Amino acid sequence: MSDSFATTTAASAQPDDQAGHGAPGHDAHGHDAHGHDAHGHDPHVAHHFESGGQQFDAAKLGMWAFLASEILMFSGLFCAYAVYRYNHPEVFKYAHHYLDSTLGGINTVVLITSSLTMAWGVRCAQLGQKRGLIWCLALTLLGGFGFMGIKGVEYRKKIKTDKWVGAANKYHPQHAVDDAAAATSAADTAANPATTATATEIAVENLEPSLIPTAAAGPSGLSSAGRSSPGEGHADDHGHAQDHGHGTAFSDLPQAEQERVHLFFQVYYMMTGLHGIHVLVGMGLIFWVLVRALRGAFSPAYFTPVDLVGLYWHLVDLIWIFLFPLLYLIH
Amino acid sequence: MTTIPATTRDVPQAQASSNYLTAQRGVLSWLITLDHKRIGVMYMVAVLASFALGGAFAILLRTELISPGPTLIGDASRAWDFYNHMFTLHGAVMVFMFIIPAIPAILGNFVLPIMLGAKDVAFPRLNLLSFYIYALGGLFFAWILIAGVLETAFGIDVPGGGGLDTGWTFYTPYSTTTGSGVVPAVMGAFILGFSSILTGVNFIASMHMLRPPGMSWFRMPLLLWALYGTSVIQVLATPVLAITLLLLFAERTLSIGIFDPGLGGDPILFQHFFWFYSHPAVYIMILPAMGVISEIISVFSRKHIFGYRFIAYSSIAIALLGFLVWGHHMFTSGQSAMANAVFSLLTFSVSIPSAIKVFNWISTMYKGDIHLNTPMLYALGFIVLFSIGGLTGLFLGALATDIHLHDTYFIVAHFHYVMMGSTLFAFLGGMYYWWPKMFGRMYNEVFARWAALVTFVGFNLTFFIQFVAGSQGMPRRYASYPDQFTVHHQVSTVGAFILGIGLVMVLINWIQSLRNGKPAPGNPWGGNTLEWHCTSPPPHENFARQPQVGDPYDYGDWQYDEKTGGYVKLMG
């Protein structure tokens with residue numbers, strides 16, 4: 001988002017310049033450094049603001065409103081987590097053992113430290129300490145890289161042991177291994193991925209026949225898979241041999257148990273994945289602020305972008321502080 | 001003067017002083033403008049195009065329903081399939097691309113900063129970005145439409161699927177299994193949501209930070225209070241839709257099963273998530289409409305608005321209560337009886353602030369000097385239609401009757417009375433009201449009144465009978481029906497055609513006005529909100545000098561001037 005915004009701002013500064021107003025540099029994301037010199041007043045105050053202070057307050061309020069929006073977006077995932085955990089407590093209890101809480105803990109420390117350097121950087125910007133600001137931003141960016149790096153290591157480990165979504169993420173009705181269930185499972189598999197094959201298959205005439213078994217499979221699946229105790233499941237012969245042979249504890253488990261662990265991991269990947277995207281966006285923003293800081297764009301009179309990016313980074317940090325115990329520290 | 005950016009070059013140099021339409025020239029000056037007024041006009045073009053598209057789908061689906069059997073296409077199964085796509089696209093386009101952005105993005109963008117006495121919204125670039133995000137989201141819907149045509153007409157297999165047949169609600173599990181274009185549609189709605197969020201952020205910051213000296217909260221015109229409530233909903237509810245659609249997207253592309261019972265998920269959770277946004281979204285649609293009506297009723301009654309604070313507070317109350325009633329969409333989805341009772345109670349409580357508004361509007365008109373100009377006709381239409389829509393909402397909010405009426409044409413009629421009857425009428429009234437301000441041209445008043453009458457008659461003919469059909473058991477979203485409902489559907493379809501004619505008349509009138517309307521005076525209606533203090537159309541930065549802020553509903557200082565055909569401010 002930040003990238004597209006930068007493009008828009010660069011393009012959209014032109015008409016304002018033609019009309020003879022200062023190019024506004026008033027919002028969280030966009031402020032291009034060219035074209036200010038020609039104007040008589042403070043180049044950082046857009047034409048529709050009375051003062052730099054008013055503009056700063058507006059930008060900050062806008063950012064807080066946006067952060068509120070972000071929190072509501074994540075709240076949907078937390079809600080989904082709560083529902084999942086309530087429905088499948090034993091899966092969550094079991095599956096979190098496959099998360100490395102040491103790496104997660106290190107990541108938490110890394111992210112909190114980067115929040116500290118970010119806050120320190122904002123302070124430096126307020127005081128006009130350019131060197132300090134640059135160092136703090138660089139360290140914060142480094143923290144972001146560190147976090148994503150460790151996260152990458154964690155993801156890699158899980159993908160290697162088949163704890164991934166996608167093809168592995170299928171439901172197998174292990175308690176009803178009769179022909180009907182096998183047929184259902186096949187229909188389920190065929191209908192679920194959004195492939196072109198499905199599109200043509202279902203296209204016009206075959207709509208009803210191919211969908212009805214799928215719909216019928218759903219609720220019964222919930223009751224059998226969701227309510228059984230871990231010991232009940234037995235290895236079925238659906239032919240998912242790829243799970244065997246890694247020699248890890250995970251693949252020694254009965255097939256049914258392995259399938260159910262995916263229930264946890266799909267929540268895990270959605271939550272950490274969306275958070276990871278936010279970290280990446282935040283890193284992009286910090287990089288942009290860092291470049292501008294190197295060019296000397298900030299002063300005690302104008303440091304709005306540093307402040308706003310800082311707020312965003314703290315939010316990203318805060319969300320992780322909730323994610324870490326919810327995912328890694330289940331007891 | 002013209003709406004369409006592409007033709008601005010042809011505008012003659014008739015206007016003596018420069019205004020926002022003539023300040024800069026060329027297509028590019030529109031595409032990269034930061035002026036809230038121009039962005040409002042660009043939204044107008046885009047949103048009206050979406051409306052025309054959604055309306056075309058409506059006409060097609062109503063035509064299909066004119067007979068119980070297949071009508072437009074001979075082959076029954078293809079006809080049903082076509083119908084499913086039509087009602088889905090009609091709903092999705094109308095909701096996400098027309099009703100939600102209509103009043104905030106067009107009229108709000110245009111008048112909010114002027115009413116406030118500001119030069120622009122707080123973040124003009126963000127404003128332009130919102131517009132382009134909207135346009136991008138629209139492209140996704142255009143894509144599924146084109147893909148749908150390619151698939152059905154030419155038999156070309158389009159990746160991701162063409163058309164959309166889930167209903168605008170995208171209910172799982174059907175939306176995760178159908179072969180139609182759910183993935184692009186979901187991406188489109190997700191992107192459109194961000195446009196809405198950013199507009200909300202912009203408006204909130206503008207109203208907090210850009211009020212000039214003298215413009216206290218309680219001197220703000222009521223439209224601004226309504227837009228404030230709307231913005232709060234946009235900022236806090238839309239992200240929940242975003243995450244819902246993201247999860248649906250992940251379910252289709254990554255086999256993540258948050259809503260799939262086969263993967264341990266829960267399809268009811270989708271409904272909770274969806275309505276947590278989509279019920280407040282109903283108030284995104286209706287609150288700005290109520291704000292527009294508050295302006296129009298007062299001005300055309302030549303009387304101070306009655307109960308200003310009550311109307312202002314009721315907007316905020318509706319915005320907040322709107323977050324607590326989503327469960328009334330799910331009375332038959334297997335919620336606990338306790339949840340049903342609580343949601344039903346909260347639903348009834350929304351009727352209190354809504355009724356406060358209606359009573360205040362009527363009290364404003366009481367003993368007023370009522371001028372039946374076109375905006376006022378639409379406002380009166382709004383009050384009638386909103387009352388019908390709102391009161392039938394109580395039938396649906398009551399648990400016992402809802403069981404009977406759930407998923408019938410009764411609810412179709414109800415929400416069309418609220419969304420279309422109310423919001424569309426307020427939008428049209430608002431467009432007529434601010435049209436002279438936006439383009440500096442008057443429209444043909446007589447023709448506009450006829451169009452208003454035709455729209456009103458067509459609307460009621462289309463939808464009132466659906467209450468009857470619904471209460472007799474006609475289920476919604478069915479392409480075919482028992483013969484006993486034939487008359488109902490035929491009346492409804494004829495009404496839809498009349499309604500379509502009325503709307504085309506409106507459009508013709510607007511285009512005619514742009515081509516050769518009389519030049520508009522600065523204040524044709526005698527309003528006292530700040531946009532009537534500047535010239536028509538407004539200059540580039542809205543005001544030559546900072547206007548004096550007074551009571552927005554005090555009309556004592558304005559007197560009608562025969563010569564200009566507008567109101568002029570008395571001196572002294």
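Colleague: How many salt bridges does the structure hold over all chains?
Modeller: The model is a predicted one. A salt bridge here requires a side-chain nitrogen of Lys or Arg within 4 Å of a carboxyl oxygen of Asp or Glu. Over all chains, the number of salt bridges is seven.

Colleague: How far apart are the closest N and O atoms in the salt bridge of Lys60(A) with Asp307(A)?
Modeller: The cut-off for such a pair is 4 Å. Lys60(A) and Asp307(A) form a salt bridge, and their closest N and O atoms are separated by 2.7 Å.

Colleague: Why does the pair of Lys60(A) and Asp307(A) tie together parts that are apart in sequence?
Modeller: Lys60(A) belongs to helix α2 (residues 52-87) of chain A, whereas Asp307(A) belongs to helix α11 of chain A. The pair therefore ties together parts whose separation in sequence is 247 residues.

Colleague: Which residues does Phe56(A) touch, not counting those up to four places away in sequence?
Modeller: Phe56(A) is also placed in helix α2 of chain A. Its C-alpha lies 6.2 Å from that of Thr304(A), although 248 residues separate Phe56(A) and Thr304(A) in sequence. With residues up to four places away in sequence left out, Phe56(A) touches Phe303(A), Thr304(A) and Asp307(A).

Colleague: Which helix gives the most to the nonpolar patch on the surface of chain A?
Modeller: The patch is formed by Ile112(A), Leu318(A), Ile321(A) and Phe322(A), which together have about 350 Å² of accessible area. Leu318(A) is located in helix α11 of chain A. With three residues, the element that gives the most to the patch is helix α11 (residues 304-328) of chain A.

Colleague: At what angle do helices α2 and α13 of chain B pack?
Modeller: Helix α2 (residues 36-64) of chain B passes helix α13 (residues 409-439) of chain B in a left-handed crossing. Their axes are 14 Å apart, and the packing angle is about 145 degrees.

Colleague: How many nonpolar residues are in the contact of α2(B) with α13(B)?
Modeller: On the side of α2(B), the contact includes Met44(B), Phe51(B) and Arg62(B), and on the side of α13(B) it includes Phe427(B) and Trp435(B). Among the residues of this contact, one is charged, no residue is polar, and the nonpolar ones number 11.

Colleague: Which residue does a cis peptide bond join to Ser536(B)?
Modeller: Most peptide bonds are trans. In chain B, the bond from Thr172(B) to Pro173(B) is cis, with omega near 0 degrees. Another cis bond, with omega of about -10 degrees, joins Ser536(B) to Pro537(B).

Colleague: What is the phi of Arg302(B)?
Modeller: Most residues other than glycine have a negative phi. Arg302(B), in the loop between α8 (267-300) and α9 (308-321) of chain B, has a positive phi, near 50 degrees.

Notes:
Residues are numbered from 1 along each chain as its sequence is written. Chains are lettered from A and ligands numbered from 1 in the order in which they are written. This is a predicted model: local features need pLDDT of at least 70, side-chain atom pairs count only at pLDDT 80 or more; totals for chains, interfaces and linings use all residues. Side-chain values use heavy atoms; hydrogens and water are left out. Axes are lines fitted to C-alpha atoms, for helices over the stretch in contact, and angles run from 0 to 180 degrees between N-to-C directions. Helices (H or I, at least four residues) and strands (E, at least two) are DSSP runs, numbered from the N terminus. A crossing is left-handed if the near helix is turned anticlockwise from the far one by less than a right angle, and right-handed if clockwise. Contact means heavy atoms within 4.5 Å. Ala, Val, Leu, Ile, Met, Phe, Trp, Tyr, Cys and Pro count as nonpolar, Asp, Glu, Lys and Arg as charged, and the others, Gly among them, as polar. Patches are made of residues with over 30% relative accessible area and no salt bridge: like charges are joined within 9 Å, nonpolar side chains (Val, Leu, Ile, Met, Phe, Trp, Tyr) within 5 Å. Accessible areas come from the Shrake-Rupley method with a 1.4 Å probe; for residues, only the protein chains shown count as cover.
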